[in-house]
Structure formats: C-alpha cells, structure tokens
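Here are my notes on the model you sent over.

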Amino acid sequence: MLKSLNFSILNAGFLTVLVGFTSSVVLVFQAAHTLLANTEQIGSWIFSLCLGMGLVGIFLSWKYKEPIVLAWSTSGAAVIVSTNNITLQEGIGAFIVSGILIILSGFSGWFSRINTYIRPAISSSILAGILFPFCFNAFLALKSNPFLLSSMLVLYVLGRKLFPLYSVTLILIVGIIISSYQNTFKFDEVSLELAKPIIMMPEFSFQAIITLAIPLFIVTLISQNIPGLAVLRSEGYKAPSNSLVGWTGIATTLLAPLGCYALNLATITAAICSGKDAHPDPNRRYIAAIFAGFFYILVGLFSTTIGYLLLAFPKELVIAVAGIALLSTLANALTISLNDSEYREASIVAFFVTISGVSFFGINSVLWGLLAGLVTGYLLKKR
C-alpha cells in the first residue's frame, strides 16, 4: 500500500470528503430539523453518518481491493424533510426498520436480481444525469467568479495534456490560492470541538414505518445504490453488489440510534476515487477510498469543527473542483449509454428525466428517470 501512495491518491481521498460533505450537508441539517432534533443531536447525526461511511468504506475497500466509497442518502434526507407529524424517536425507529430491509434485500440476493433487469445503458444514463448538474454548474460558476473558474479550467486542460495524474490536484491547489487571495474563505465560526454522540431511543409506529421507513428504504436502495454500483461497473470493478448493499444496511441499523438515517454506495464521490485521476492503475485506486474513509472518520470525530471548516470553503471553489474532476466520468457514462443502439432512446429519456429534478410522492428524479428509461425501453423493444 505504501509503495502505491502518491499525492493524487491523498488528493482524491480529501476531495471525496470535501465534495461529499459540502454538497449535501445542509440537506442533512434540514432533515434533522424536520424531526425536531436539537443542536447536539444534529452533531450526533453527522458523527454517526461519517463514522459509518468511514469504517465500512475502509473495510469494503480493503476486503475487495476496489474503491468502495459510501455516502449518506441524499434522496433519503429529502424523504425525511417531506414527512409530517413524525417524532424524532419514531424517526429513529424508522431508520432501524429501513436498515433491516436493506440488509435483507442485500444478503438475500434480491438487489442483484433487480439490477440484472436494468441494462448498463440505462444505469449509465442515470449516472450521467446525476453527474451532469455538477459539471454544468462548474461552468455556470464562470458568471460569479470568472477569474477563478477560467484559471482552473485552463490549468485542467493543460494538466490533462502534460501531467494527467496530477491535473485535479493542480486545480485544487490553484483554486485554494486564488480563493485565499480573493479572501472568500469564511473561518469566523470555526472552533475546535470533539463530537458528542447522543443515543436516541427508538419508537416503532405504523405511521412512521409506512410514511418514512418504506420510502426511505426504496429511494436509498434504488435511486442511490443502483447509480453507485453503476460507477463501479463503468470503471470495470466487480465487487459483489449484494454484499456491498448488505453491509450498508448493517452500518445503518447499528448506528441508527445515534442518528444514522441511511448509508449507501456513493455516486459522485465514488467517481472521484474510481477514476484515473485518483491513480493510473485501477488496482491501486482502492487506496484513495481507504484514505477517504480515514478522512470521514476524522470529520466524524471533529464533526462540529471540521464541518464548519469544510463549509468555509467558497461555494464556487467546491462546485468547480467537483464538476471539473467529474468531466471524464460523465463522458464515460454518456458513451456507454449511447453505444447501446437498442436502448439509445430509452437512455436519453432516462437522462433527461433524471436531470429534470422532478419529484412526486417524495420520490426524487433519479427513481423516476430509472422508471421512465425502463418503460421506454420496454415499449420500443416490443414495438
């Protein structure tokens, strides 16, 4: 492992945590507030989520020697925000029920059976739809900070030509330097504090199971884990999907009393660790995921301090680094989705529904994009 260590691996691990934390941590805060969690309990939520992502990510990456990155369920947080009249204790009970359902769907083999009916073209188009806003927003940020973004884009293109291994590292360093010169970092509220885990006792109610546990289970399993698995498959990795999903359920269930509402295979951040920018050798990229796991544990131990520290990064810098780093992964996903002539139109439909952001019945556009792609592919194939 030490012989394979280089700065690009460390950078990929750090960037994974930076993007993963800052891109959706506000939604996690909002979800906790919806269940009327106080400040200390919200800190426990972040601690438990980071601890689960770190420990399980390290274990699975080491076990399979593949870059397995976990994330909290962003769509799951959206489901929590949309719920009404659910207490915090009932929410904890729903998290446990959802975690148990994920364990059963993973280790029973049900998840892989579902996944066999989904063509790579469809899952890749879903992945492209998820990645597209990140890449597009990086270019939109040219309006708000043209000097920062244009400098990073130019250096990225030159880096891809001259030293592709360190191109993303370069734009991160240059972005930090420019942002420091522009005085856009916000360190006013940063203070050193250790996390304080709080055990929240669960309550199990029929209403919470129907309105929260089951929707949380569905969107996490399908709209989060399937695109996450697509990232790994698009890079040629073959770790058993049932085991990966089952372990996310175990971590969710055990850590739920501390506020861990749902863990799943990462998509955006997994693309950072599994791409060639992390390491030219696919067999060594798992080290980046292991470092990401250590960084997540560090964030968990100092969740309050590091949370504010990561949030102090300028918005344009985080958007730019994430979007530029994911350009090659987006291109790869689009190539796979469009190369399947039989499902090309279905892939396009799935792609556009996914990026539309449409949401009905607490279900986000990723699941609707998947359903639209499958139905379109079925109808056109029958015709």
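1. Ground rules. This is a predicted model, in which local features need pLDDT of at least 70 and side-chain atom pairs count only at pLDDT 80 or more, while totals for chains, interfaces and linings use all residues. Residues are numbered from 1 along each chain as its sequence is written, and side-chain values use heavy atoms, with hydrogens and water left out.

2. α2 against α10. Helix α2 (residues 39–64) packs on helix α10 (residues 241–255) at about 150 degrees, with the axes 10 Å apart. That makes the two roughly antiparallel. For the bookkeeping, helices are DSSP runs of H or I with at least four residues, numbered from the N terminus. Axes are lines fitted to C-alpha atoms over the stretch in contact, with angles running from 0 to 180 degrees between N-to-C directions. Under 35 degrees counts as roughly parallel, over 145 as roughly antiparallel, 65 to 115 as roughly perpendicular and the rest as oblique. On the α2 side, S48, L51, G52, V56, F59, L60 and Y64 meet S243, L244, W247, A251 and L255 of α10, where contact means heavy atoms within 4.5 Å. Those contact residues split into nine nonpolar, three polar and no charged. Here Ala, Val, Leu, Ile, Met, Phe, Trp, Tyr, Cys and Pro count as nonpolar, Asp, Glu, Lys and Arg as charged, and the others, Gly among them, as polar.

3. α6 against α16. Helix α6 (residues 120–140) and helix α16 (residues 344–356) have axes 8 Å apart and an angle of about 30 degrees, so they are roughly parallel to each other. From α6 the contact takes A121, I122, S125, I126, A128, G129, I130, F132 and P133, and from α16 it takes A346, S347, A350, F351, T354 and I355. By class that is eleven nonpolar, four polar and no charged.

4. α6 against α14. How does α6 lie relative to α14? Helix α14 (residues 315–325) packs on α6 at about 125 degrees, with the axes 7 Å apart, and the pair is therefore oblique. F134, C135, N137 and A138 of α6 make the contact with I319, A320, A322, G323 and I324 of α14. The tally is seven nonpolar, two polar and no charged residues.

5. The core. The largest nonpolar core has 124 residues, and W45, W72, F95 and Y261 touch the most other members. Helix α9 (residues 206–234) supplies the largest share, twelve residues. A nonpolar core is a set of buried Ala, Val, Leu, Ile, Met, Phe, Trp, Tyr and Cys residues joined through side-chain atoms within 4.5 Å. Buried means under 20% relative accessible area, exposed over 50% and partly exposed in between (1.4 Å probe, protein chains only).

6. S105. This serine lies in helix α4 (residues 88–107) and is buried at 3% relative accessible area. Leaving out residues up to four places away in sequence, S105 touches W110, F111, F217, L221 and V245.

7. L153. Helix α7 (residues 146–162) holds L153, which is buried at 17%. Beyond four places in sequence, L153 touches F139, L142 and I324.

8. P240. Look for P240 in the loop between α9 and α10. P240 is partly exposed, with 36% relative accessibility. Its C-alpha is 24 Å from that of I214, 26 residues away in sequence.
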